[in-house]
Amino acid sequence: MSEHRPEAVPAADAAAHAGPAPVASVAAAAPAPVARTSVATDVALIATFAAFVAVCAVLPAIPTGGAVPITLQTFGVALTGLVLGPRRGALALLLYVAVGLAGVPVLSGATGGLGVLASPSAGYLLAFPAAAAIAGGFGLLARRAPGRWRVPALLGAATAGSLLVIHPLGIAVMGWRLGLSASEAVAAGAVFLPGDLIKNALAAVVAAAVLRAFPDLLRGR
């Protein structure tokens, strides 16, 4: 006796019986607009904070009697790192430094161009991207602090960027350019510490308010 085998269903009929494709499959195959929006947002934030640091830089400097005046640049660097986080903060400062070295007068004293690398303050400028990254990295941890400790924690994050990168590199280059001994360079650089602590404290207060109002800024760093 021959074995009965069901006839194969034609492909067109099978597709008809299968019904419409699952919504999940269609969604998975479609492009992800959220990712594009996130990238666009990141680019806009990086450009905005680079411009903000430029504004801080071109404001009138406070003379110290030495070769390097006090500016609001480091306030902008600290705030950028605390608000944007390590990756976007570093990119914002890299953009700022690159634009300044390209000749656009966005650096301290409304200067620009490669000639600034020969100045005694070149080390401070070159340290900005790394300082923003460090402040941003510690800033992510600072946000986990209880409410009343959040601002002091953000202050510590900003100060870490100053003490670990900006001052060591800035003092080293300043001493080299001016022919100072190590002790003389440290003494000259110490003039900026009180002002930096004040600017870091202000950056911590502003960052805490901004992040409280816009918590989504902490995503996609």
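Helices in these notes are DSSP runs of H or I with at least four residues, numbered from the N terminus. The model I am reading is predicted.

**Entry 1: cavities**

How many cavities of 30 Å³ or more does the count come to? I got two.

I took the largest cavity first. Its space is about 50 Å³. I listed its lining: Thr74, Val77, Ala78, Ala131, Ala132, Ala135, Ala158, Gly161, Ser162, Ile166 and Asn200. H4, helix H5 (122-142) and H6 each give two or more residues to this lining. Which element gives the most? H6 does, with four residues. I then sorted the lining by class: seven nonpolar, four polar and no charged residues.

Next I went to the second largest cavity. It holds about 40 Å³ of space. Arg143, Arg150, Leu154, Ala208, Leu211 and Arg212 line this cavity. H6 and helix H8 (193-213) are the elements that give two or more residues here. H8 supplies the largest share, three residues. How does this lining divide by class? I found three nonpolar, no polar and three charged residues.

**Entry 2: H4 against H6**

I turned to helix packing. Helix H4 covers residues 73-101, and helix H6 covers residues 147-178. Their axes come within 10 Å and cross at roughly 120 degrees. Oblique or roughly perpendicular? I noted the crossing of H4 and H6 as right-handed.

Which residues make the contact? On H4 I have Thr74, Val77, Ala78 and Leu82. On H6 I have Leu154, Ala157, Ala158 and Ile166. The contact of H4 with H6 has seven nonpolar residues, one polar and no charged.

I checked these names against the cavity linings. Thr74, Val77, Ala78, Ala158 and Ile166 also line the largest cavity. Leu154 turns up in the lining of the second largest cavity.

**Entry 3: H5 against H6**

The axes of H5 and H6 come within 8 Å. They cross at roughly 160 degrees. How do H5 and H6 run, roughly parallel or roughly antiparallel? Angles over 145 degrees count as roughly antiparallel, so H5 and H6 are roughly antiparallel to each other. I logged this crossing as right-handed. By class, the contact of H5 with H6 has 23 nonpolar, five polar and one charged residue.

**Entry 4: H4 against H8**

I finished with H4 and H8. Their axes come within 9 Å and cross at roughly 35 degrees. Right-handed or left-handed? H4 passes H8 in a right-handed crossing.

From H4, the contact takes Thr74, Phe75, Ala78, Leu79, Leu82 and Val83. From H8 come Asp196, Lys199, Asn200, Leu202, Ala203, Ala204, Val206, Ala207, Val210 and Leu211. I sorted them into twelve nonpolar, two polar and two charged residues.

I went back over the lists. Thr74 and Ala78 are in the contact of H4 with H8, in the contact of H4 with H6, and in the lining of the largest cavity. Leu82 of H4 touches H6, and Leu82 is also in the contact with H8. Asn200 of H8 meets H4, and Asn200 lines the largest cavity. Leu211 of H8 is part of the contact with H4, and Leu211 lines the second largest cavity.

Terms used. Residues numbered from 1 in each chain as written. Predicted model: local features only at pLDDT ≥ 70, side-chain atom pairs only at ≥ 80, totals over all residues. Heavy atoms only, no water. Axes fitted to C-alpha atoms, helices over the stretch in contact; angles between N-to-C directions. Left-handed = near helix turned anticlockwise from the far one by under 90°. Contact = heavy atoms within 4.5 Å. Nonpolar A, V, L, I, M, F, W, Y, C, P; charged D, E, K, R; others polar. 1 Å grid on protein atoms, 1.4 Å probe; cavity = no way out; pocket = protein on both sides within 12 Å on 5 of 7 lines; lining within 4 Å. Points joined across faces, edges and corners; volume = space filled by probe spheres on them. Parallel < 35°, antiparallel > 145°, perpendicular 65-115°, else oblique.
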